[in-house]
Amino acid sequence: MIDKEKIQAAIRLFIEGIGEDPNREGLQETPERVAEMCEEIFAGIGQDSHSVIKVLKSEKYDEIVLLKDIPFYSMCEHHLLPFSGVSHVAYIPQGNRVTGISKLARVVNIEARRPQVQERLTTDIAESIMKALKPKGVLVIIEAEHLCMTMRGIKKPGTKVLTSVVRGIFRDNPSTRAEVMALIKGH
């Protein structure tokens, strides 16, 4: 669980460390606000995302299920700066095992709400769905902009990082992979 007192103490030290006065009127409540924010943006820590997937039995549906453009926000574990974008999640059911589409978005949300790197986020989403649904295949693509590249360092706003994880039939069958990619691109 989040230790708000430790966060508040750390933020006070941080404010002092950058040369500001934590007792200045505009900053007095900042440690409390940051602690509250942390409780929300790191809510995925300790949660098993696959446990939110409820397996439903369908009637012989074994075609692509795609949830496209799922917005997410996460925190880069290297600089503790946000990165955000969209994820595309596709799977092909096996054994009549499907789930409600909102559950796929919940998996993305849980995995994003912890210190992350985009590569692991993409993998964690795919692995969670594979574990819970045991589908024929999963494909996850994430497109994100990282503030660590926008605000600092190379300073290139608008640069997007794309990562993908391909499992099962999407990896083994190029035409199936091409079909889902066309759906994602909107063609």
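**Exercise 1. Helix H1**

What span should the 14 residues of H1 have at 1.5 Å a residue, and how far apart are its end C-alpha atoms? Determine also which residues of H1 are buried.

*Solution.* The model is a predicted one, in which local features need pLDDT of at least 70 and side-chain atom pairs count only at pLDDT 80 or more, whereas totals for chains, interfaces and linings use all residues. Residues are numbered from 1 along each chain as its sequence is written, and side-chain values use heavy atoms, with hydrogens and water left out.

Step 1. Helices (H or I, at least four residues) and strands (E, at least two) are DSSP runs numbered from the N terminus, and the expected span of a helix is 1.5 Å times one less than its number of residues. For the 14 residues of H1 this should give 20 Å, and the end C-alpha atoms lie 19 Å apart, which agrees.

Step 2. With buried meaning under 20% relative accessible area, exposed over 50% and partly exposed in between (1.4 Å probe, protein chains only), the buried residues of H1 are Ile 7, Gln 8, Ile 11 and Ile 15. They cover an arc, taken from the directions from the helix axis to the C-beta atoms, of only 100 degrees, which puts them on the same side of H1.

Step 3. The face of H1 turned away from that buried side carries Glu 5, Lys 6, Leu 13 and Gly 17, which are exposed.

**Exercise 2. Helix H4**

Describe the length of H4 and the way in which its buried and exposed residues are arranged.

*Solution.* Step 1. H4 comprises 16 residues (118-133), and the distance from its first C-alpha to its last is 23 Å, close to the 22 Å expected at 1.5 Å a residue.

Step 1. The buried residues of H4 are Gln 118, Leu 121, Thr 122, Ile 125, Ala 126, Ser 128, Ile 129, Ala 132 and Leu 133. Viewed down the axis of H4, these buried residues fall within an arc of 155 degrees, so they line one face of the helix.

Step 2. Glu 119 and Lys 131, on the other side of H4, are exposed, and just after the helix Lys 134 takes a positive phi of about 50 degrees.

**Exercise 3. The largest pocket**

How much space lies in the largest pocket, and which element gives the most to its lining?

*Solution.* Step 1. On a 1 Å grid over the protein atoms alone, a pocket is an open set of points where a 1.4 Å probe fits, with protein on both sides within 12 Å along at least five of seven lines, and lining residues have an atom within 4 Å of a point. Its volume, the space filled by probe spheres set on points joined across faces, edges and corners, is about 580 Å³ for the largest pocket.

Step 1. Of the 20 lining residues, Ile 7, Val 34, Met 37, Cys 38 and Phe 42 are the closest to the centre of the pocket. Helix H1 (4-17) and helix H2 (30-41) are the elements that give two or more residues to this lining, and H2 gives the most, with five residues.
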